[in-house]
Amino acid sequence: MGMVIHNPRALHVSSPKDDQSLMVPSIFVVMHVNRENHDTVTLTLAPMPGSSLPTIAPGQFSMLYAFGVGEVPISFCSIDKDQASLHHTIRAVGKVSKRLCKMEVGDKVGVRGPFGQGWPMNKVEGKQLILVAGGIGLAPLRPVLEALSTVNQSFKSCLLFYGARSPADRIFISDLEAWSKSSGLSIYDTVDIAPLDWSGRVGVVTTLIDAIKPNTEAVAFLCGPEIMMNFSIQILLEKKLSPDNIFLSMERNMKCAEGHCGHCMFGPDFICKDGPVFSYAHLASRFRISEL
């Protein structure tokens with residue numbers, strides 16, 4: 001049974017002509033803090049009065065600045081239909097992200113962006129869509145899932161494979177419950193380890209992918225630890241998916257977000273500018289090179 005999906009934003013978003021302005025953060029105010037689990041929060045940020053939000057595409061990211069601490073790249077975890085606020089899910093792993101995770105309503109955050117190339121929503125029209133997420137990697141895919149219930153692209157079906165370290169490490173739990181009731185969307189979630197009272201699946205997410213028989217014309221979006229994506233890609237290739245139809249969101253140490261500093265170079269590409277979403281066909285020759 002087909003379902004209706006909408007691509008709410010264009011894939012390529014034009015940047016302001018003044019490159020210098022891209023390096024100056026705008027002030028946003030924390031409007032809401034949602035604690036997803038013990039080390040992860042979702043911040044809802046609103047611009048200062050008189051300011052407007054830019055156009056955002058699923059898969060793009062912002063540079064979030066914790067004043068006096070530093071700046072980190074964080075993907076959009078949701079896109080407002082009315083572009084009233086920004087939504088970012090952040091895991092406390094470094095000094096900047098730890099500070100952001102301690103933000104309270106009314107605190108101010110510096111925001112630059114949006115940056116990067118997002119998920120190629122135009123590639124999946126009329127096809128089966130496979131989403132593979134590990135841990136907080138579900139956040140950049142959430143706008144794609146949200147689009148399932150909005151507007152106007154036709155897809156055959158959608159399969160979501162989501163793996164977390166433990167039940168306590170999962171994010172968007174209420175969303176997962178709601179999505180599981182959506183027509184045309186099948187959810188397969190698992191955890192690496194679990195307490196005795198856990199009734200769900202236990203094991204790595206790749207075992208779930210290995211058990212399905214996808215359409216060979218399917219398109220796959222992957223986001224999570226690179227080792228997870230690597231094994232997932234190999235399984236999808238064994239199931240005859242084309243490398244041109246497998247897309248992954250890469251994570252690197254992005255500093256400037258404009259390809260100036262070189263911190264996020266991956267071979268000839270800048271993750272911040274040429275990505276973070278790439279086709280596997282584009283990355284295949286270097287994706288498995290250690291330390292690259």
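Student: How many bridges join strand 10 to strand 11, and do they run parallel or antiparallel?

Tutor: This is a predicted model. Strand 10 and strand 11 run parallel and are joined by 7 bridges. One of the pairs to look at is Phe-161, whose bridge partner in strand 11 is Tyr-188.

Student: Which strand is joined to strand 11 by 2 bridges?

Tutor: That is strand 12, which runs parallel to strand 11. Val-191 has Val-202 of strand 12 as its bridge partner.

Student: How many residues of strand 11 are buried?

Tutor: Of its 7 residues, 5 are buried, so strand 11 is largely enclosed by the rest of the structure. As a general idea, the side chains of a regular strand alternate between the two faces of the sheet.

Student: How is a salt bridge read, and which residue pairs with Arg-201?

Tutor: The general idea is that side chains of opposite charge can pair when their charged atoms come close. Here Arg-201 forms a salt bridge with Asp-189, and their closest N and O atoms are 3.5 Å apart.

Tutor: Arg-201 counts as partly exposed, at 36% relative accessibility. Asp-189 counts as buried, at 18%, the cut-off for buried being under 20%.

Student: How many salt bridges does the structure hold?

Tutor: The structure holds 10 salt bridges. One of them is formed by Asp-39 and Arg-165, with the closest N and O atoms 3.9 Å apart.

Student: Why does the pair of Asp-39 and Arg-165 tie together separate parts of the sequence?

Tutor: Asp-39 lies in the loop between strand 2 (26-37) and strand 3 (40-47), while Arg-165 lies in the loop between strand 10 (157-164) and helix 3 (173-179), so the pair ties together parts that are 126 residues apart in sequence. Asp-39 is buried, with a relative accessible area of 13%, whereas Arg-165 is partly exposed at 42%.

Student: Which residue forms a salt bridge with Asp-269?

Tutor: The partner is Arg-286, and the closest N and O atoms are 2.7 Å apart. Asp-269 sits in strand 16 (residues 269-270) and Arg-286 in the segment after helix 7 (280-283), 17 residues apart. Asp-269 counts as buried, at 8% relative accessibility, and Arg-286 counts as buried, at 8%.

Student: Which residues do salt bridges with shared partners join into one network?

Tutor: The network consists of Asp-39, Arg-91, Arg-165 and Asp-169.

Student: Now the barrel. In what order do its strands run?

Tutor: The barrel is closed, has 6 strands and runs 2-3-6-5-4-7, with antiparallel pairing. On average, neighbouring strands of this sheet are turned by 45° against each other, direction ignored.

Student: How many bridges join strand 5 to strand 6?

Tutor: There are 3 bridges between strand 5 (residues 70-79) and strand 6 (residues 86-91), which run antiparallel. Ser-78 stands opposite His-87 in strand 6.

Student: Which strands does helix 2 touch?

Tutor: Helix 2 (residues 138-146) packs on the sheet and touches strand 5 and strand 6. The direction of helix 2 makes about 20° with that of strand 5.

Student: Where does Asp-82 lie?

Tutor: Asp-82 lies in the loop between strand 5 and strand 6, and counts as exposed at 59% relative accessibility. The C-alpha atoms of Asp-82 and Leu-53 are separated by 9.7 Å, the two residues being 29 apart along the chain.

Student: To finish with the whole protein, how many helices and strands does the protein have?

Tutor: The protein has 7 helices and 17 strands. Buried residues make up 52% of its 292 residues. Of the contacts between residues at least 6 apart in sequence, 72% join residues at least 24 apart. The accessible surface comes to about 13,400 Å², and 52% of this belongs to carbon and sulfur atoms.

Conventions. Residues numbered from 1 in each chain as written. Predicted model: local features only at pLDDT ≥ 70, side-chain atom pairs only at ≥ 80, totals over all residues. Heavy atoms only, no water. Helix = DSSP H or I, 4+ residues; strand = E, 2+ residues; numbered from the N terminus. Buried < 20%, exposed > 50% of the residue type's maximum accessible area, 1.4 Å probe, protein only. Contact = heavy atoms within 4.5 Å. Areas by Shrake-Rupley, 256 points an atom, 1.4 Å probe, with all protein chains shown as cover. Pairing = 2+ DSSP bridges. Axes fitted to C-alpha atoms, helices over the stretch in contact; angles between N-to-C directions. Salt bridge = Lys/Arg side-chain N within 4 Å of Asp/Glu carboxyl O.
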